[in-house]
Amino acid sequence: MEDLKYELKRQIIEELKLEDIKPEDIQDDAPLIGDGLGLDSIDALELVVLLEKYHGVKIMDEEIGKKVLTSINTMADFIVEEKAKAT
Amino acid sequence: MKIFVTGIGIVTAIGLDAEENLNSLGSLTTGISRSNSSGLMLGEVKLSNEELMKKFQLPAEDYSRTSLLGLLAATEAWANNKIDKIIRTGIISSTSVGGMDRTEKYYFDARKNGIANSSLMTHCNGRTTERIAARLGISGYIGTVSTACSSGANAIMQGARLMEGNKLDRVIAGGSEPLADFDIKGFSSLGIYDNAICKPFDDNRMGLNLGEGAAFLVLENEYSISISNNKPICMLAGWGNATDAFHQTASSPDGKGAALAMTNAMVKSGITVDKIDYVNAHGTGTGNNDLSESMAFKSVFGNNLPAFSSTKGFTGHTLAAAGAIEAVYCVQAIQKQTVLPNLNFTTPMKETGMKPATGFQRANIEFVLSNSFGFGGNCTSLIFQKA
Amino acid sequence: MYISAASTISHHPTFRNKGFSSQLRELDPASELIRPDYSDYIPAMERRRMSDVQKMSIACSLDCMQQAGIGQPDAIIVGTSMGCCVNIRSFLDKILSANGGPLSPTSFIVSTHNTVAGQIALLLKNHGYNMTHTQNSLSFEQALMDAMLGIKEGFQHVLVGGADEEEQSLYNMRAKLNIEQLHPVSGASFFILSGDHGGSEGVNLLDAGSYGLIDSITDCTEHFLLSGGQSAKDIGLVLYAVNDKKGMAELNSIFRREQLFDYQIVAGTSFTNSAFAMHYGIDMLLDGSNPGLREHKKILICNNVIPENLGLILLAA
């Protein structure tokens with residue numbers, strides 16, 4: 001799980017081109033959109049793409065998206081849950 | 001200075017000329033349907049490039065669809081106008097993606113197959129305008145503006161300002177936009193694409209549908225009309241442009257830019273808010289635009305909202321061409337003294353309770369306001385007046 | 001109309017370098033864009049989505065606002081022939097690599113030509129007039145004409161500029177103009193045009209003109225000068241960009257050899273680098289050391305980069 005969270009942080013930094021930020025700077029439970037990391041609605045769409053592209057999991061609607069994209073923790077939990085459903 | 005509209009030309013998913021478009025509006029017939037290739041709902045013009053090239057007897061040289069659609073609409077608007085040295089004439093067109101329909105084709109070919117056909121890429125926005133200018137015999141001021149979805153309205157505004165600034169006496173102004181994979185994929189990636197036909201201003205709206213088309217107006221001052229003898233159809237009374245400055249794509253919750261544009265247009269026209277008889281809204285059918293625009297209506301009109309509607313349920317969102325296409329519809333609304341219908345509306349938005357006009361309703365129409373808002377927060381409003 | 005500020009980012013050290021005109025040499029074909037530290041001007045969260053054309057334009061715009069000492073311009077007007085072509089190409093690449101799978105939206109939303117003008121407004125929180133002109137080699141002249149209209153209509157200060165980034169995969173300039181020796185460049189030049197010079201001495205923009213699909217640059221040039229009450233002999237220096245023999249022959253028939261200077265030698269070629277030429281001219285007029293400008297303190301910029309288009313800009317000290 002810790003590896004997954006680190007991987008997510010690394011991917012977020014790379015895909016969203018967050019200069020000057022290292023994975024260690026992102027807290028697992030810090031808000032991602034708006035406060036905290038300060039991402040916007042376009043970044044949220046990029047995170048949806050990231051989850052599908054790198055982890056094979058799809059966010060099916062906006063309501064689910066809002067919950068899943070809250071923090072690194074919620075994103076990691078979602079990946080693990082969706083993968084468990086698939087097996 | 002009085003600025004008269006003396007010619008209109010239009011091609012959209014609901015018609016290949018002004019008359020066909022008006023008939024479709026009157027019979028509530030949409031031009032949006034499911035595309036075979038993309039599976040998405042699109043407002044496609046029912047004419048192939050080959051048919052367009054044949055119509056204009058164009059040589060085998062590559063013409064982008066942008067140029068072809070533009071030529072069709074511009075030649076209809078221009079009609080029997082002639083170029084001479086006495087009337088200073090210019091053209092201002094607009095487009096978002098220029099000849100992207102060709103550029104993307106050759107770019108994909110080049111990337112996949114290593115074919116270096118870069119010289120065939122029609123990326124330059126100004127090329128379409130030059131093609132149309134050459135066809136009509138216009139030289140001198142040949143301009144193109146590109147402000148995303150407010151472009152067509154801005155082209156018309158630019159034309160009027162150049163006339164008021166004593167640079168030109170007569171202008172053909174408008175816009176042209178093809179359906180390109182670039183835009184279809186782009187808007188889909190934003191998650192604002194409705195899988196059914198769009199429902200502007202409806203509480204259950206799910207997003208927009210893309211469309212393609214072109215439209216042009218011929219604007220003349222009194223001096224030009226005294227020589228051309230063209231009959232005025234109506235007047236362009238005013239215009240306003242402002243910036244939302246909220247986000248690159250999303251509109252502000254209070255619709256600040258939109259409200260400023262509408263207010264500026266009314267100030268320019270010298271009229272008060274109560275004089276507007278009908279508003280042709282930007283109304284794309286997205287959650288964000290329609291709410292933001294409604295909030296702008298509230299702040300500008302208060303409790304006296306005039307009849308309003310979006311015509312994008314007929315044509316789809318034609319991006320840069322939208323402002324010009326809807327300008328033609330506003331002119332037709334004045335000609336026919338009718339409010340235009342908003343398709344697919346059932347339930348008012350819970351935030352506002354506002355209800356657009358849903359039928360082709362006869363009314364006393366003196367002033368019509370047309371809104372167009374684009375990426376980059378660019379907001380433009382035009383006001384047309386019965387002559 | 002008074003030019004309160006001017007700022008250029010180019011392949012030469014022009015940025016924040018008053019007096020650069022006396023240091024300019026012939027453009028090195030291997031030269032690259034000299035980029036300032038953009039973090040001085042644009043926060044990281046905004047900067048990450050921007051290509052060169054946006055970053056250059058914002059840096060130049062902020063520099064101009066500082067020079068002129070104004071908080072907000074009444075209008076922001078940009079001329080760009082190719083727009084944000086790096087982002088356009090990036091999105092096309094994404095479509096190809098996504099291959100029907102999920103597609104990243106970011107490069108699409110910053111691909112429209114008006115992203116430059118829009119981003120400047122967003123950063124400044126500016127709600128004023130905002131326009132983008134994209135008419136090939138006449139884009140900047142049309143932006144200038146728009147700015148002049150705005151001043152006449154009552155704007156006090158207009159931020160106006162020309163910018164393009166070089167991106168040969170979408171538009172091969174050498175192939176399109178059929179000239180192998182061109183040096184395509186990226187660059188941005190921005191200005192503040194003001195209705196009132198507030199008592200300071202400086203350079204005025206007398207007129208700007210845009211002529212498309214022309215037969216003769218002679219007719220257009222003479223008409224342009226005459227309508228402003230000028231004639232060819234009143235011009236101290238003509239900064240020109242001409243790429244064909246006919247155009248050059250006409251220019252030689254209107255002006256004396258000593259009046260003419262080919263700005264493409266220093267500026268390279270871009271469809272909006274008549275904006276570079278304008279800043280170059282302003283700098284020369286302010287510097288005052290050019291012997292050609294001693295008697296007639298007027299510069300005409302003659303942009304005939306594409307033979308059938310003519311852009312004209314007239315400056316005076």
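Helix H5 of chain B is mostly covered, since eight of its eleven residues are buried, where buried means under 20% relative accessible area, exposed means over 50% and partly exposed lies in between (1.4 Å probe, protein chains only). This is a predicted model, in which local features need pLDDT of at least 70 and side-chain atom pairs count only at pLDDT 80 or more, while totals for chains, interfaces and linings use all residues. Residues are numbered from 1 along each chain as its sequence is written, chains are lettered from A and ligands numbered from 1 in the order in which they are written, and side-chain values use heavy atoms, with hydrogens and water left out.

**Helix H5 of chain B**

- The buried residues of H5(B) are B:Gly126, B:Thr128, B:Thr129, B:Glu130, B:Arg131, B:Ile132, B:Ala133 and B:Leu136; helices (H or I, at least four residues) and strands (E, at least two) are DSSP runs, numbered from the N terminus.
- These buried residues of H5(B) pack against helix H3 (65-78), S4, S5, strand S6 (170-177) and strand S8 (213-220) of chain B, together with strand S10 (309-316) of chain C, and contact here means heavy atoms within 4.5 Å.
- After H5(B) comes B:Gly137, which has a positive phi, near 85 degrees.

- B:Asn49 lies in helix H2 (residues 49-55) of chain B, and B:Asn49 counts as buried because its relative accessible area is 17%.
- Apart from neighbours within four places in sequence, B:Asn49 is in contact with B:Arg65, B:Leu68 and B:Asp101.
- B:Gly98 sits in the loop between strand S4 (89-94) and H4 of chain B, and B:Gly98 is classed as buried because its relative accessible area is 0%.
- Although B:Gly98 and B:Thr318 are 220 residues apart along the chain, their C-alpha atoms are separated by 13 Å.

**Where chain B meets chain C**

- Chain B contributes 60 residues to this contact and chain C contributes 57 residues.
- Together the two chains bury about 4,900 Å², with 60% of it on carbon and sulfur atoms; buried area is the accessible area (1.4 Å probe) that two parts lose on being put together, summed over both.
- The interface of chain B and chain C holds three salt bridges, a salt bridge being a side-chain nitrogen of Lys or Arg within 4 Å of a carboxyl oxygen of Asp or Glu.
- A salt bridge joins the side chains of B:Arg161 and C:Asp146, at 2.7 Å from N to O.
- Across the interface of chain B and chain C there are also 23 residue pairs in polar contact, both at pLDDT 80 or more; a polar contact is a pair of N or O atoms within 3.5 Å, where within protein one must be able to donate a hydrogen and the other to accept it, and residues adjacent in sequence count only if both atoms are side-chain atoms.
- Among the elements of chain B that each supply at least two residues to the side touching chain C are helix H5 (126-136), helix H6 (151-164) and strand S9 (234-243).
- That side of chain B divides into 22 nonpolar, 26 polar and twelve charged residues, with Ala, Val, Leu, Ile, Met, Phe, Trp, Tyr, Cys and Pro counted as nonpolar, Asp, Glu, Lys and Arg as charged, and the others, Gly among them, as polar.

**Where chain B meets chain A**

- Four residues from chain B and four residues from chain A take part in this contact.
- The area buried between chain B and chain A is about 280 Å², of which carbon and sulfur atoms give 63%.
- B:Ser189, B:Leu190 and B:His247 supply 85% of the area that chain B buries against chain A, more than any other three residues.
- Between chain B and chain A there are zero salt bridges, and one residue pair is in polar contact, with both residues at pLDDT 80 or more.

**The two domains of chain C**

- Chain C is assigned domain 1 (2-194) and domain 2 (203-316), with bounds that come from an automatic or database domain assignment.
- Domain 1 of chain C gives 45 residues to the contact and domain 2 of chain C gives 41 residues.
- Between them these domains of chain C bury about 3,400 Å², and carbon and sulfur atoms give 68% of that area.
- The interface of the two domains of chain C has zero salt bridges, alongside 16 residue pairs in polar contact, both at pLDDT 80 or more.
- H6(C) gives the most to the side of domain 1 that touches domain 2 of chain C, with seven residues.
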